[in-house]
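Subject: Structure handover and findings

Hello,

Here is the structure for your files. Please open it next to this message as you read.

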Amino acid sequence: MTEFYKAKTTKSGVQSWCKPCTKLAAKSGFKDWKLRKYYGITSEQYRHLHDVQKGVCAICHRPNVTDKQALNVDHCHKTLKVRGLLCANCNRGLGLFQDNPMLMERAATYLKEPPVTDLFFSEPRPTKRNP
């Protein structure tokens, strides 16, 4: 199994492609193929979108430096239309809210106006615990 890269998300614990094939796919335009297959865009269109967004996430306006990867292509799962490029966290956040604007608006309202601000504590709690 040393011919395969490890993968925590698979039952076997390894990727389905061997190391040489994975390296060959990366060199021969696998990313271009994936952009076309999953999102219907070319690498040139991706780069144009990246330039339009100035290399940052369309939501949080930060570059995707934490994952050390390119910004994710965000798309509508119903229409398959590309909406923009997002960092991994914002992309996951939209997914967790099921791409539902109403749920996201409720979450924003909740953060701005929590329902139990004064119910349990009359004074603010300390932010650091004493050792």
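First, the ground rules. This is a predicted model: local features need pLDDT of at least 70, side-chain atom pairs count only at pLDDT 80 or more, and totals for chains, interfaces and linings use all residues. Residues are numbered from 1 along each chain as its sequence is written, and side-chain values use heavy atoms, with hydrogens and water left out.

Salt bridges

How many salt bridges does a search of the whole structure find? Three. The term means a side-chain nitrogen of Lys or Arg within 4 Å of a carboxyl oxygen of Asp or Glu.

Arg83 takes part in a network of salt bridges with Asp74 and Asp99. For Arg83 and Asp74, the closest N and O atoms are 2.8 Å apart. For Arg83 and Asp99, the N to O distance is 3.3 Å. Arg83 lies in strand β4 (residues 82-86), while Asp99 is in the loop between α4 (88-96) and α5, so this pair ties together parts that are 16 residues apart in sequence. Helices (H or I, at least four residues) and strands (E, at least two) are DSSP runs, numbered from the N terminus.

Are these residues buried or exposed? Buried means under 20% relative accessible area, exposed means over 50%, and partly exposed is in between (1.4 Å probe, protein chains only). Asp74 is buried at 7%. Arg83 is partly exposed at 43%. Asp99 is partly exposed at 28%.

Arg47 and Glu44 also meet in a salt bridge, at 3.5 Å from N to O. Both residues lie in helix α3, three residues apart, about one turn of the helix. Arg47 is partly exposed, with 46% relative accessibility.

Rings

The structure holds two aromatic pairs. Rings of Phe, Tyr and Trp (its six-membered ring) pair if their centres lie within 6.5 Å; planes under 30 degrees apart count as stacked, over 60 as edge-to-face and the rest as tilted. Trp33 and Tyr38 are edge-to-face, 6.4 Å centre to centre with 80° between the planes. The rings of Tyr38 and Tyr39 have centres 6.4 Å apart and planes at 55°, so that pair is tilted. Trp33 is partly exposed at 38%. Tyr38 is partly exposed at 44%, and Tyr39 is partly exposed at 22%.

The charged end of Lys19 sits over the ring of Tyr5, 5.2 Å from its centre. The test is NZ of Lys or CZ of Arg within 6 Å of the ring centre and within 35 degrees of the ring normal.

Helix α5

Helix α5 has 12 residues and reaches 16 Å from its first C-alpha to its last. That is close to the 16 Å expected at 1.5 Å a residue, where the expected span is 1.5 Å times one less than the number of residues. At the start of α5, a side-chain oxygen of Asn100 reaches to within 2.9 Å of the backbone nitrogen of Met102. Ala107 is in α5 (residues 101-112) and is partly exposed at 22%.

Loop residue Gln53

Gln53 is in the loop between α3 (43-52) and β3 (72-75). Gln53 is buried, at 15%. Leaving out residues up to four places away in sequence, Gln53 touches Ala58, Gly84 and Leu85; contact means heavy atoms within 4.5 Å.

Best wishes

Terms used
A polar contact is a pair of N or O atoms within 3.5 Å; within protein, one must be able to donate a hydrogen and the other to accept it, and residues adjacent in sequence count only if both atoms are side-chain atoms.
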